[in-house]
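User: I would like to learn how to read the features of a protein model in order. Please give the general idea for each feature, then the case at hand.

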Amino acid sequence: MFNIIICEDENIIRRRIEASLKEISLKHDLDIEVSLSTADPFATFNYVKNNKTDLLLLDIDLKNDEIDGIELGNKLREINKNVVIVFISSRLEKIFECFTCTPFDFIAKPSIN
């Protein structure tokens, strides 16, 4: 089982990612599971701290005054050095900043504002 965590504060985007992953899983007969899908960075942190996680899909600009996706990625990297981190953001100017925690990739998402 390949465990995926999504931390995205835009509900529409989060649901699209979930649906895409489910479609890919069915189409290619992959054993993947979205173990947690949330807008809450602290729920994400606690889940990764206590559970096997293979892939993190993290929004950079979380609607949270205490932590953003890049800081969360750095904290999660300390917990799990082998986890694959992919940042998702419409803020292309943040692309180089996010590489402080050695993510696998950066995916540009459409702005829905």
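**Reading the fold and its salt bridges**

Analyst: Glu8 is buried, and Lys109 is buried as well. Please keep in mind that this is a predicted model.

User: How do the side chains of Glu8 and Lys109 meet?

Analyst: The general idea is that side chains of opposite charge can pair when their charged atoms come close. Here Glu8 and Lys109 form a salt bridge, at 2.8 Å from N to O. Glu8 sits in the loop between S1 and helix H1 (11-28), while Lys109 belongs to the segment after strand S5 (105-108), so the pair ties together parts that are 101 residues apart in sequence.

User: Which residues are linked with Glu8 and Lys109 in a network of salt bridges?

Analyst: The network comprises Glu8, Glu10, Asp59 and Lys109. Within it, Lys109 and Asp59 meet through their side chains at 3.4 Å, N to O. This pair also links distant parts of the chain, 50 residues apart, with Lys109 in the segment after S5 and Asp59 in strand S3. The relative accessible area is 9% for Lys109 and 3% for Asp59; buried means under 20%, so both residues are buried.

User: Is Lys52, which meets Asp54 in a salt bridge, buried or partly exposed?

Analyst: Lys52 is partly exposed, with a relative accessible area of 48%. The salt bridge between their side chains spans 2.6 Å, N to O. In total, the count for the chain comes to six salt bridges.

User: Strand S3 contains Asp59. Which of its residues lie on each side?

Analyst: To read a strand, one examines its two faces and then its partners. In S3, Leu55, Leu57 and Asp59 are on one side, Leu56 and Leu58 on the other, and all are buried. Strand S1 (residues 2-7) runs parallel to S3, joined by four bridges, and Cys7 stands opposite Leu58. S3 also pairs in the parallel sense with strand S4 (residues 84-89), over five bridges; there, Val84 is the bridge partner of Leu55. Between S3 and S4 the chain crosses through helix H3 (residues 69-79), in a right-handed β-α-β crossover.

User: What pattern does the chain follow along the sequence?

Analyst: The pattern is β-α-β-α-β-α-β-β, with three helices and five strands. The radius of gyration is 13 Å, close to the 13 Å that the globule rule gives for 113 residues, so the chain is as compact as a globular protein of that length. Buried residues make up 42% of the 113 residues.

Technical notes:
Residues are numbered from 1 along each chain as its sequence is written. This is a predicted model: local features need pLDDT of at least 70, side-chain atom pairs count only at pLDDT 80 or more; totals for chains, interfaces and linings use all residues. Side-chain values use heavy atoms; hydrogens and water are left out. Buried means under 20% relative accessible area, exposed over 50%, partly exposed in between (1.4 Å probe, protein chains only). Two strands pair if DSSP finds at least two bridges between them. A crossover is right-handed if, with the strands pointing away from the viewer, the path from the first strand over the helix to the second runs clockwise. The radius of gyration is taken over C-alpha atoms; the globule rule is 2.2 Å times the number of residues to the power 0.38. A salt bridge is a side-chain nitrogen of Lys or Arg within 4 Å of a carboxyl oxygen of Asp or Glu.
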